[in-house]
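These notebook entries record what I looked up on helix packing and on pockets. I began with the pockets and then turned to the helices.

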Amino acid sequence: MAQDLSSLRPHIALTPLDGRYRSVVAPLVDSLSEAALNRARITVEIEWLIHLTDHDVLPGAPTFTDDDKAYLRQIVADFGAEEIAELAAIEAETRHDVKAVEYFIKRRLAAAPSDSVLPRVGEIVHIFCTSEDINNLSYALIIKDAVKRTWLAAAQGLVDDIAELARATRDVPMLARTHGQPATPVTLGKELAVTAYRLTRQLRRIAAAEYLGKINGATGTYGAHAISVPEADWPAIARSFVEHLGLTFTPLTTQIEAHDWQAELFSDIARFNRIAHNFATDVWTYISLGYFRQNLAAQGSTGSSTMPHKVNPIRFENAEANLEISCALLDTLAATLVTSRLQRDLTDSTTQRNVAPAIGHSLLAIDNMTRGLAGLDVDRVPMEADLDGAWEVLGEAVQQAMRAASIAGATGMEDPYERLKELTRGRKVDASAMREFIASLNMPADVEARLAALTPATYTGYASRLVDELDADTRG
């Protein structure tokens with residue numbers, strides 16, 4: 001009988017993010033893991049304790065010295081493997097994660113130097129707080145940290161790489177394909193710039209996201225606060241504390257902070273993902289057309305187990321899959337977190353525990369695409385061949401020039417669309433056929449000269465110049 005893998009130590013990872021792809025998503029562990037959440041809870045509890053005493057909110061409470069505050073904040077700084085294990089042991093008894101944090105902190109207070117007031121302030125810990133007061137602030141802190149410190153940097157790096165490639169290929173003509181059919185030529189750089197521009201807009205939204213928090217008691221009324229310490233302005237105290245944490249204050253809540261900001265953020269990240277997914281499939285297609293060659297040394301992979309000639313575009317295929325998983329999770333988070341029965345239900349607790357894989361799969365996809373782009377070389381030969389085999393795309397230019405000439409007073413320019421349709425629809429047109437047609441139109445000499453000199457490779461309009469919009473957008 002096979003050995004039970006679940007019994008092995010150290011534990012074998014269940015999910016690929018904690019196994020196969022651990023090295024890529026490891027930075028998120030410091031923000032979004034269970035241990036990081038508990039560290040944030042400890043932070044919130046300790047800062048609340050300091051905030052109340054600093055502002056003399058509680059009659060009779062002592063004033064903390066700088067050494068007292070340093071001792072308290074060192075509890076957060078020292079939170080490591082031993083403390084994680086200790087907290088887990090406490091939670092095994094309490095069967096309540098936030099209560100375990102409270103007891104953990106009280107142990108540290110009891111162990112403070114005897115000449116300090118800290119051993120005598122245990123009852124201030126978690127005062128006037130419901131678990132959701134601590135949790136909503138903790139989640140806001142860890143999600144903000146994950147997005148701003150890790151995800152945004154990686155995403156911006158990908159966008160920068162796309163923009164750099166756009167600038168480098170701004171003048172490389174390429175046959176466009178609308179509906180999969182040959183269409184008005186563009187440049188490769190302009191098409192890459194479109195993606196960089198779209199992704200940049202989403203990054204701005206994500207960078208400007210608000211991270212909201214509240215600390216107002218069991219049903220958002222400051223009920224226990226007002227009856228216990230009626231002389232304090234509790235809404236003002238709560239606001240100042242939340243803002244002290246670097247968060248935006250939510251003044252009206254039920255027991256829970258409504259999580260609307262999370263839904264907004266996750267929807268924006270999902271939108272970034274979908275644009276990136278569109279980019280991954282387009283690059284995959286350009287690779288299949290031969291417009292990009294994959295540098296085997298840079299890709300660092302075996303293409304096929306049986307076909308040695310192949311270099312598969314696995315970076316972009318893996319990115320697709322991870323973006324789809326990320327979006328599925330982010331969509332679920334955004335849809336479910338905005339609802340809660342009456343003043344509170346616990347569905348958000350389980351749901352929020354999946355923020356890490358949602359952002360983790362996005363981060364993994366970004367890494368895949370970044371490495372995939374680094375392993376691409378542009379091949380102009382097939383691009384030029386496709387352009388030279390699609391002279392029919394000049395039909396648009398000839399038709400519109402005929403219309404403009406007619407408006408300017410030229411005669412014989414009737415029915416331009418129908419005449420070009422007869423020449424080009426459903427058939428290949430070579431250079432000589434197109435030029436013979438142009439010569440037969442009796443257009444004004446200057447117009448005929450412009451059209452006769454035109455080729456599919458030069459029919460790219462302002463495509464090269466439009467790449468400059470990336471820099472203009474950055475300046476704006």
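I took a pocket to be an open set of grid points with protein on both sides within 12 Å along at least five of seven lines, and its volume to be the space filled by probe spheres set on the points. The model I examined is predicted.

Entry 1, second largest pocket. I read a volume of about 460 Å³ for the second largest pocket. I found 19 residues in its lining, with Pro182, Glu392, Val393, Glu396 and Thr424 closest to the centre. I then looked up the contributing elements: strand 2 (181–187), helix 17 (395–407) and helix 18 (416–424) each give at least two residues to this lining. I sorted the lining of the second largest pocket by class and noted five nonpolar, eight polar and six charged residues.

I read about 600 Å³ for the largest pocket. Its lining has 17 residues, and I noted Thr15, Asp18, Arg22, Ser33 and Ala356 as those nearest the centre. Helix 1 (22–25), helix 2 (29–32) and helix 15 (355–374) are the elements that supply two or more lining residues here. Helix 15 has the largest share, with three residues. By class, I recorded nine nonpolar, five polar and three charged residues in the lining of the largest pocket.

I looked up the pair formed by helix 7 (residues 131–168) and helix 8 (residues 188–207): their axes come within 8 Å and cross at roughly 160°. Helix 7 is therefore roughly antiparallel to helix 8, since angles over 145 degrees count as such. I noted the crossing of these two helices as left-handed. On the helix 7 side the contact includes Val147, Trp151, Ala155, Val159 and Ile162, and on the helix 8 side it includes Leu192, Ala196, Leu199 and Leu203. I recorded 16 nonpolar, four polar and one charged residues in the contact of helix 7 with helix 8.

I next looked up helix 11 (residues 260–289), which packs with helix 7 at an angle of about 20°, the axes being 13 Å apart. Helix 7 is therefore roughly parallel to helix 11. I noted this crossing of helix 7 and helix 11 as left-handed. Among the residues in contact are Tyr139, Ile143, Val147 and Trp151 of helix 7, and Trp261, Leu265, Phe266, Phe272 and Phe279 of helix 11.

Key:
Residues are numbered from 1 along each chain as its sequence is written. This is a predicted model: local features need pLDDT of at least 70, side-chain atom pairs count only at pLDDT 80 or more; totals for chains, interfaces and linings use all residues. Side-chain values use heavy atoms; hydrogens and water are left out. Axes are lines fitted to C-alpha atoms, for helices over the stretch in contact, and angles run from 0 to 180 degrees between N-to-C directions. Helices (H or I, at least four residues) and strands (E, at least two) are DSSP runs, numbered from the N terminus. Angles under 35 degrees count as roughly parallel, over 145 as roughly antiparallel, 65 to 115 as roughly perpendicular and the rest as oblique. A crossing is left-handed if the near helix is turned anticlockwise from the far one by less than a right angle, and right-handed if clockwise. Contact means heavy atoms within 4.5 Å. Ala, Val, Leu, Ile, Met, Phe, Trp, Tyr, Cys and Pro count as nonpolar, Asp, Glu, Lys and Arg as charged, and the others, Gly among them, as polar. On a 1 Å grid over the protein atoms alone, a cavity is a set of points where a 1.4 Å probe fits but cannot get out, and a pocket is an open set with protein on both sides within 12 Å along at least five of seven lines; lining residues have an atom within 4 Å of a point.
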